[in-house]
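Have the structure open as you read.

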Amino acid sequence: MDERTLNDFLELLRLVMSQSPGGTLTQPQLQPYLSRLSPYITLDRIRKGQNIIRMFQSLQTVILVVRGEFYLTRSSASGMSSMVARVWAPEFLGIPQLIEEDKLFYSNIIASENCLGLDIDCAFFDWCMRTSPEVAIQCVKCMSRSLQRNYRQIERLSFFNATENLMSYLYRKWVEAGAKEELLCVKEKRALIADELSCTVRTVCRALQSLKEQDMCTTDSAGHIYCTPEQLQRIRRAYQ
């Protein structure tokens, strides 16, 4: 490991982290970096529905998901499961485990669409993090995003009713899409929304009907949910 290797990694990191949520990078775009960093980084393809990391798995590599989307779920001893969060690439997995003594993951991390990931050698990543302030800042940003997701989850479960939870979800989808002044279309199935909000499908349907009656959204025959920018601003004011 030397300065040239670190510079190659920084170039790769800047490319990945400059992507919009979900990422668009392909293997040919990544290959020049992977060739130079082959002793330390390998490419992994994860199909939709496959585990990226299993609950109670021990840290093996730091993973940088460069394209796709995944969700974190927690399971109880009785077999009950709940979605903790849905996360878009680019995002790191394994930074807390790298710097803490506890190397276990406590969530199942499952690809919700086809993903590309970079498996990064732990010793190499640790060296980069300690050597480069830029890498360290990206680690801090990753952990900050994780804390924010946890805060949102606690806030929703503690203070929001079903309708407010759905309003929060729609507004977040708009922000994740770039907060553009155009129509938002949410195509997720009701069951997936229910998993993310930790409630039943019936509860989601009741909350959606309430929002429709308040003219805060519309739906079509396929079940897609639509919100105009004006409706989204009303939603933001209503639940914040």
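Q: Which residues of H1 are buried in this predicted model?
A: Thr-5, Leu-6, Asp-8, Phe-9, Leu-10, Leu-12, Leu-13, Val-16 and Met-17 are buried in H1.

Q: How do you know that the span of helix H1 agrees with 1.5 Å a residue?
A: H1 covers residues 3–17, which is 15 residues. The expected span is 1.5 Å times one less than the number of residues. For H1 that gives 21 Å, and the end C-alpha atoms are 21 Å apart, so the two agree.

Q: What does a side-chain oxygen of Asp-2 reach at the start of H1?
A: It comes to within 3.3 Å of the backbone nitrogen of Arg-4. The cut-off for a polar contact is 3.5 Å.

Q: How many aromatic pairs does a search of the whole structure find?
A: The search finds 7. One of them joins Tyr-40 and Phe-124.

Q: Why is the aromatic pair of Tyr-40 and Phe-124 called stacked?
A: Two values decide it. The centres lie 4.4 Å apart, and the limit for a pair is 6.5 Å.

Q: Where in the chain do Tyr-40 and Phe-124 sit?
A: Tyr-40 is in the loop between helix H2 and strand E1, and Phe-124 is in helix H4. They are 84 residues apart, and the pair links distant parts of the chain.

Q: Why do Tyr-40 and Phe-124 get their burial labels?
A: Buried means under 20% relative accessible area. Phe-124 has 0%, so it is buried. Tyr-40 has 22%, so it is partly exposed.

Q: Which residues do ring pairs link into a cluster?
A: The cluster holds Phe-9, Tyr-40, Phe-92, Phe-124, Phe-125 and Trp-127.

Q: Why are the buried residues of H7 said to line one face of the helix?
A: They are Arg-190, Ile-193, Ala-194, Glu-196 and Leu-197. Seen down the axis of H7, they fall within an arc of 165°, so they line one face.

Definitions and conventions. Residues numbered from 1 in each chain as written. Predicted model: local features only at pLDDT ≥ 70, side-chain atom pairs only at ≥ 80, totals over all residues. Heavy atoms only, no water. Helix = DSSP H or I, 4+ residues; strand = E, 2+ residues; numbered from the N terminus. Buried < 20%, exposed > 50% of the residue type's maximum accessible area, 1.4 Å probe, protein only. Polar contact = N/O pair within 3.5 Å; in protein donor to acceptor, adjacent residues only side chain to side chain. Phe/Tyr/Trp six-rings, centres within 6.5 Å; stacked < 30°, edge-to-face > 60°. Arc of directions from axis to C-beta.
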